Amino acid sequence: MLVALCGGVGAARMLSGLVRVVPPDTITAIVNVGDDMEMHGLHISPDIDTVTYTLAGMDNQETGWGVAGETWTVMGELARLGGEDWFRLGDRDLATHLYRTGSLRSGATLSAVTDELRRRRGIAVNLLPATDDPVRTRVTLAEATGLGPAGTEVAFQDYFVRLRHEVAVAGLRFDGAEKARPAPGVLEALAAADTIVVCPSNPLVSIGPLLAVPGVRDALVGRRPDVVAVSPIVAGAALKGPADRLMAELGTEPSVVGVARLYAPWVGTLVIDEADAGHAMSVEAEGPRCIVAPTVMGTPDAAAALAGTVIDARG
Ligand code: FO1
């Protein structure tokens, strides 16, 4: 059994490689919910959606989020009404949010509705939200914006989408994490896994909220030799998103060495890209074993090759 710790697009690519090298029904993906939000009264779970759409083969590869071949009739009409349209919900995507919100309102847990949507999309990988309880990433901005003066704390999607993650950040907080419980099956999967893969997701805002759920970090520390992470930082930069800037702004060197330092207490092996081969010894000086391999998943074959490396990497 294999467990993958997942954020959004980097994780979705890693999973699409993993399903090509191990039976999909032997994989459990534990997915970040810190990006979740309510919009127009709907519960949106962006990382669960990105992983689900990718494994169902219906992801929008241009945007990295949402559904391929999307139409925007509802958003267009909403804009005509003067409604909030900075967070774009496509017509097909809306069906997911309507289904999820309706189920949650009827008393279903997020893990139950995630599992239902997974089955209805024909996905064999077991998808688990990190927690069924509300954990929301909150971002303290270091600069004044239209949302308030420097020091204002905003919701993650305000930072990420509304402000296009172009604003410097002074702090992060995972609201609700201290009271959250791991979703059913999370700790069991971490205990039973042969290998735990940390996907190349943002260490601070994708993996961070998973670690903040009480019990998860301790479970990982106990499994350290079997935890294999793929660095989301290649040659000092994030392939997508603000991971490099966030690391620098929050005091961690934006490099594979910085990733190794963050992950050292609970990651046994760090896979870094060939572009960073010169840093392998510095990575090992931080604690994890280091494996150098091509990590940029530009094609399905490259994703499958990286998946093979990760599965063989366990110490
Ligand atoms: N990302 C954007 O950059 N702009 C959007 O309008 C947007 C809408 C959206 C709707 C549903 C969904 O599941 C994801 C959406 N995302 C959008 C992606 C999301 O904000 C981020 O990529 C993740 O939260 C970061 O992993």
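Predicted model: local features only at pLDDT ≥ 70, side-chain atom pairs only at ≥ 80, totals over all residues.
A residue counts as buried when its relative accessible area is under 20%. Helix α2 is mostly covered, with 10 of its 10 residues buried. After the helix comes glycine 57, whose phi is positive, near 70°.

Aspartate 47 lies in α2, which spans residues 46-55, and it counts as buried because its relative accessibility is 5%, where the cut-off is 20%. Leaving aside residues up to four places away in sequence, aspartate 47 touches Gly7, Gly8, Val31, Asn32, Asp35 and Ser206. The chain folds back here, as the C-alpha atoms of aspartate 47 and valine 9 are separated by 7.7 Å although the two residues are 38 apart along the chain.

Next comes the sheet. Seven strands form an open sheet in the order β5-β2-β1-β9-β10-β13-β14, with parallel pairing. At the edges stand β5 (126-129) and β14 (289-293); each has a single partner strand, so one side of each is left without a neighbour in the sheet. From one strand to the next, the twist averages 20°. In general, strands of a sheet pair through backbone hydrogen bonds, in either a parallel or an antiparallel manner. Strands β1 (residues 2-6) and β2 (residues 27-31) run parallel and are joined by five bridges. Within this pair, cysteine 6 stands opposite valine 31 of β2, and valine 31 is also one of the residues touched by aspartate 47. Elsewhere on the sheet, helix α11 (residues 256-263) lies across β9 (195-198), β10 (227-230) and β13 (269-273), running at about 165° to β13.

A search of the whole structure finds five aromatic pairs. In one of these, the rings of phenylalanine 156 and phenylalanine 160 have centres 5.2 Å apart and planes at 25°, so the pair is stacked; the cut-off for stacking is under 30 degrees. Both residues belong to helix α6 (residues 156-162), four residues apart, or about one turn of the helix. Residues three or four places apart in an α-helix point the same way, because there are 3.6 residues a turn. Phenylalanine 156 is buried at 4% relative accessibility, whereas phenylalanine 160, at 27%, is partly exposed. Together with Tyr159, these two residues form one aromatic cluster. A ring also meets a charge in this model: arginine 88 lies over the face of tryptophan 72, at 4.7 Å from the ring centre.

Finally, two histidines have an interesting backbone angle. Most residues other than glycine have a negative phi. Phi of histidine 40, however, is positive, near 55°, and phi of histidine 165 is also positive, near 40°. Histidine 40 is found in the loop between β3 (37-39) and β4 (42-44), and histidine 165 in the loop between α6 and β8 (169-175). With 40% relative accessibility, histidine 40 counts as partly exposed, while histidine 165 counts as buried at 18%.

Note on methods: Residues numbered from 1 in each chain as written. Heavy atoms only, no water. Helix = DSSP H or I, 4+ residues; strand = E, 2+ residues; numbered from the N terminus. Buried < 20%, exposed > 50% of the residue type's maximum accessible area, 1.4 Å probe, protein only. Contact = heavy atoms within 4.5 Å. Pairing = 2+ DSSP bridges. Axes fitted to C-alpha atoms, helices over the stretch in contact; angles between N-to-C directions. Phe/Tyr/Trp six-rings, centres within 6.5 Å; stacked < 30°, edge-to-face > 60°. Lys NZ or Arg CZ within 6 Å of the ring centre and 35° of its normal.
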